[in-house]
Structure formats: C-alpha cells, structure tokens
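Here are a few exercises to work through with the model open in your viewer. Try each one yourself before reading the solution.

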Amino acid sequence: MAVRRPLIAGNWKMHCARPEAERLLLALKGQIADLTDREVVVAPPFTALETAGRVLAGSSIRLGAQNLHWEPQGAFTGEVSGAMLKELGCSHVIVGHSERRQYFAETDEQVARKVKAAQREGLIPIMCVGETLEERERGDTLGVIRRQTQAGLQGQAKDAIALLVIAYEPVWAIGTGRTATPEQAQEVHTAIRATLAALTDQATAAAVRILYGGSVKADNVDALMAQADIDGALVGGASLQAEAFARIVQFR
Ligand code: PGA
C-alpha cells in the first residue's frame, strides 16, 4: 500500500484582511512546530497572499490560493492566473469548491481547465467534489462523485493525476456543523479511489491524497483521519482559529 503523507489545508474563504491574516499566521506558526510527517497548507484570499507569503517564509506551512483562471493572462476582468499565484509563492490552489460551483456557476468543464492550468504552472490542484443533500437523499451520491471526478480529470495523464489532491466535501456538511460520519466519508473516498484506478491504475490511485472537508473540527478530526482512505482535511471555519486549526493539524 502506498504511503500517503497527510495534508491539512485551511480554506479561509472571504475572511481576513491583511492585519488579521498576519495575526492568525503568527499565532499558527507559534502553535505548529515544524512537522515532517504531514503537510499544512493555508489558503487566504488573494489580497492577503503576499502578506501570508512573507509571514510564512522559512516555515513549513505552505501557501495556497482558493481559485484561478485557466488562461495564463488576457482580457478576463476580475480574474487571477496560475502564473500570478505562483509568483506570489503559492504551491497549491483549490479548484472547483462547491461554493464556486453553486454561487458562480462553475462547471465540470471549467474545473477540468483550471486543474490543467494549475498543473501547467507547477501548482498542486486541490480539486473539490461533493454531492448536495438532495443528491444524497436521492441515492445519487456515488454517481455524482464519479461524474465530477471523471469530468474534472478529463484528458489527464497518469503522472499528472498522481500528483494532485482531491477533496471530498459533501455540500450539506459545509459550514453547517453537520459533518459526514467517518463511515460515510470513507465510503465516498473508496469510490473516488476506485474511479481514479479506472482512469489510471491501482498504484496511481493509491498514491493520490483524498481529503475530507465539511465541518471538520478539533473534536471530530481524529475519527475521520482514522479511516483508511481519508488522507487529510480541507478545513473552512475552524481554520480561522489558530488553536482549533493547530489541533486539527495535530490529529492523532
Ligand atoms: P467548513 O468548510 O469547514 O467551514 O465546513 C469547509 C470548506 O468549505 O472547505
């Protein structure tokens, strides 16, 4: 079995102007020792990336962005390219978050283009998939997840797939305080890995990290991380509190 290094990522969403970002990161740096057995990424809003990069210089906490455009440059008012993120010191970028799909009408096809654009710039995409409550209640969870995973990785080579990160985030668990049970999450993670194996091969699928996201907190992270196919967490609300996020990072 492949050894997958756990990854905990904090998605700050539209929170933290620069002074708050600096305060939060200084507190985090004080609480998270240099860890070698796990990776930590924070994804502040675009406007705080430069500040965050400066505060994190020399620490093992890595920098991510929350979105990117698929073109390297051009007449796309209001958009930011992967090259721009790379230049600010980002190593990761979240792609296809359900809030982007829901509120900004992002399609699977756009997600696929963004994943490719990120890889072209040497950024690691954290590609999000997840079903709505209605889809779950209809019994369509695994169908939706398979479709989103396949569509987002359309036309990808095996070695590119091996390097990316997938985040399973049930829409009904995001920001609601209602987390998937470890067993519900594990069931979907297994289905994602099987989908990856069908697109590539067993060894490649076994190398890909699959994060769980949706109301991950200090008090539920340990049980989630104990599941065989949960390789980390994408944390929203709790990533805005240094103490809570540090405890999540130090899951046991
Ligand atoms: P949450 O958000 O932890 O606040 O539920 C997770 C996410 O949207 O990435």
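Two strands count as paired if DSSP finds at least two bridges between them, and strands (E, at least two residues) and helices (H or I, at least four) are DSSP runs numbered from the N terminus. This is a predicted model, so local features need pLDDT of at least 70 and side-chain atom pairs pLDDT 80 or more, while totals for chains, interfaces and linings use all residues. Residues are numbered from 1 along each chain as its sequence is written, and side-chain values use heavy atoms, without hydrogens and water.

**Exercise 1.** Trace the strand order of the closed barrel.

*Solution.* The twist from one strand to the next averages 25 degrees (axes are lines fitted to C-alpha atoms, for helices over the stretch in contact; angles run from 0 to 180 degrees between N-to-C directions).

**Exercise 2.** Zoom in on β5 and β6, and find what joins them.

*Solution.* First, take β5 (residues 124–129) and β6 (residues 165–168): four bridges link these parallel strands.

**Exercise 3.** Is Thr141 buried or exposed?

*Solution.* Thr141 belongs to helix α7 (residues 141–152). Its relative accessible area is 8%, so Thr141 is buried (under 20%; exposed is over 50%, partly exposed in between, with a 1.4 Å probe and protein chains only). Beyond neighbours within four places in sequence, its contacts (heavy atoms within 4.5 Å) include Glu131, Tyr168 and Val188.
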